[in-house]
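Here is a short briefing to read alongside the structure. Have the viewer open, and follow the topics in order.

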Amino acid sequence: MFLALRDLRHARGRFALMITVVALITFLVAFLAALTAGLGRASTSAVTELPVDRLAFAPPAEGASPTFTESEVTPHQQEAWADVPGVGAAEPLGVATVRASGESTAAVTAFGVRPGSGLVPGTGDGGADVSAGTVVLSRGAADALGADVGDQVGAGPLDLTVAAVADAEADFAHTPVVWVSLDDWQAVGARGDAAAGDAQDGPTATVVALRFGDDPPTADALAATDAELGTVTATPREARSAISSFTAENLSLTLMQVFLLAISALVVGAFFTVWTIQRAGDVAVLRALGASTRYLLRDAIGQAGVVLGVGVGLGTALAAGAGLLAARVMPVVVDVSTTLVPAVVLVALGGLGAVLAVTRVARVDPHAALAAR
Amino acid sequence: MDLTLDRIRLAYPDGDGVLVAVDDVTLTVPSGTTTALLGPSGAGKSSLLAVAGAPLDAPDDAAGAPRAARGPRRRARRAADRAAALRRERIGIVFQQPQLVASLTVLEQLELMSHLRGRPAASRRAHALALLDAVGVADRADRRPEHLSGGQRQRVAIARALMNDPQVLLVDEPTSALDHERGVQVVELVVRLARELDAAALLVTHDEATLDPVAARVHLADGRLVEAPAAV
Ligand SMILES: Nc1ncnc2c1ncn2[C@@H]1O[C@H](COP(=O)(O)OP(=O)(O)OP(=O)(O)O)[C@@H](O)[C@H]1O
Ligand SMILES: [Mg+2]
């Protein structure tokens, strides 16, 4: 790194420019990753943010992958889950998308829960819970319906009073979520037996939300109960793929991220290739004076490492900061996959570009290279 | 160590055919002595020096590299690394152009030579300063090449070639940018150091007037050694 560091010091302006470019590309990649992740979350956040450990689905046919649209659990299944050792709470949860109208009309997803279930955000901190004839709106739903506490909101055949606006974003399949009591939910959302009125006593819901106790059941115990009851349990994260809009979008969003990463990696890789070729004259001199290939590689990688390290570091920090700010007004997610992953990929490919270029340069005959200088 | 060049032939690709720059040159420079290589422009002097300085079939021990090369590309790289090791450990080269590194100061140009051999760059600073003093640029030690005159650059390049106490010294027109007095001094320095280091020095020049201290002379014309000086 003898020459690499002195180069950096000597050509400060040029390296500042390179670092800026690398930082901007990193910013772009990391911020767009945060945006796509945010978009992904807009179709799933109400599920992934549920304060539960597992969701038990009841698929219509054995072996079918669970979906929120088709799943339907019976009271028997819900009670059986509650009795499983290690399961602290097994709450029925109804999920259905309905047209709702306040000042304006919008599609919302109604989550039907029992009072005291703890599934409505904020209830733990003394926020309003559901009760018969009332509805709790998420912030998004309040905006979409133009409704506030005390207003009347129509949902299907029901007229509900807004009991509270929860201080939380909750979205399901790109619709804002409202919480109603499970009894009311039967009228707006239930399908099949419950809707037809010939169910056994008690309500029917879409899934059972399981909260584990201090001593959670083993994977084997879960699988055994699943087999016995004809249910399929999934973590809230796994349950994302039971949301039809998520499975449809996820591929496109993932592809977007992959392409973006690939393109910017190529750009950064090519950038360092060109830069190293620019240094070919100096490299030829070192070679003619007797530098080994390994010496040249260490020098080039060291230099690329400094530029990439500082540039990517700055860009990542910038994107994380901007992401956290933007998260207030749009769907943005800042986590490891939107910061560290792009950073590592960019550093790796930039370094690879420098290595490829310098091995090329090291191969040329120093005599010919010097003659051209 | 003697420098022996045995039936050297070097051809450059030239359009459809080849241009023979050096043709069947056999030459020995005994250790401790200096031989002047004279000849008109384009005679092949620099080309001959390049061959002497880049022995592509350098022996294995030079680089200490294991002989595990697989595949032609690997083998070529190993050969190039062996040649580089030989240049770094045993050969001092002054190119026709000074070929200094733009981002290094004069002192660092010399310290780089220690660093290339895996030593701390500053490990032979006193030696470097003594060499710079000997070629008369010690007062420019912390300048970069862009702030030097052409002659000063050339002298730095000479000091750099001497930095690792070479056993073979290849010097291409060291006096072309110097006044007569400096030219004579530089030639004397090369002759003296070759003697002190017991090195074989091959010195290319146009300028016979500076060659008083040099006993042995060979003449090159059109790539071949010729007996008498070419008629001018
Ligand atoms: N890399 C190269 N590729 C092709 N031809 C070359 C190359 N280098 C030199 N030549 C040719 O080889 C011949 C000898 O060149 P060389 O540089 O060895 O001459 P020289 O004796 O050093 O001349 P000068 O005194 O002008 O430096 C010239 O005809 C030149 O055009
Ligand atoms: Mg020449």
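Predicted model: local features only at pLDDT ≥ 70, side-chain atom pairs only at ≥ 80, totals over all residues.

From the ligand site, the briefing moves to one lysine and then to the nonpolar cores.

**The shell around ligand 1**

- Both β2 (17–29) and α1 (45–53) of chain B supply at least two residues each to the shell around ligand 1.
- There are 14 residues around ligand 1, and those that come nearest are B:S41, B:K45, B:S46, B:S47 and B:Q96.
- By type, the shell around ligand 1 is made up of seven polar, five nonpolar and two charged residues.

**Polar contacts of ligand 1**

- The side chain of B:S47 has an N or O atom 2.6 Å from an oxygen atom of ligand 1.
- At B:G44 the backbone takes part instead: one of its polar atoms is 2.9 Å from an oxygen atom of ligand 1.
- For B:Y12, an N or O atom of the side chain is 3.4 Å from a nitrogen atom of ligand 1.
- On its own, ligand 1 has 640 Å² of accessible area, and the protein covers 67% of this.

**A closer look at B:K45**

- You will find B:K45 in helix α1 of chain B, and this lysine is also one of the residues that come nearest to ligand 1.
- Is B:K45 buried or exposed? B:K45 counts as buried because its relative accessibility is 5%, and the cut-off for buried is under 20%.
- Leaving aside residues up to four places away in sequence, B:K45 touches B:L37, B:L38, B:G39, B:P40, B:E173, B:V204, B:H206 and B:L220.
- One of these partners, B:V204, is 159 residues away from B:K45 in sequence, yet their C-alpha atoms are 6.8 Å apart in space.

**The nonpolar cores**

- The largest nonpolar core has 81 residues, and B:L3, B:L5, B:L110, B:L112, B:L132, B:L170 and B:L202 are those with the most contacts inside it.
- Which helix of chain B gives the most to this core? That is α6 (residues 180–197), with seven residues.
- Another core, of 36 residues, lies apart from this one and includes A:A96, A:V98, A:V135 and A:V208.
- Back in the largest core, B:L170 is among the residues with the most contacts. Not counting residues up to four places away in sequence, B:L170 touches B:L3, B:L49, B:A52, B:G53, B:I91, B:G92, B:I93, B:V94 and B:L202.

Technical notes: Residues numbered from 1 in each chain as written. Chains lettered and ligands numbered in written order. Heavy atoms only, no water. Near = heavy atom within 4 Å. Polar contact = N/O pair within 3.5 Å; in protein donor to acceptor, adjacent residues only side chain to side chain. Areas by Shrake-Rupley, 256 points an atom, 1.4 Å probe, with all protein chains shown as cover. Helix = DSSP H or I, 4+ residues; strand = E, 2+ residues; numbered from the N terminus. Nonpolar A, V, L, I, M, F, W, Y, C, P; charged D, E, K, R; others polar. Core = buried A, V, L, I, M, F, W, Y, C linked by side-chain atoms within 4.5 Å. Buried < 20%, exposed > 50% of the residue type's maximum accessible area, 1.4 Å probe, protein only. Contact = heavy atoms within 4.5 Å.
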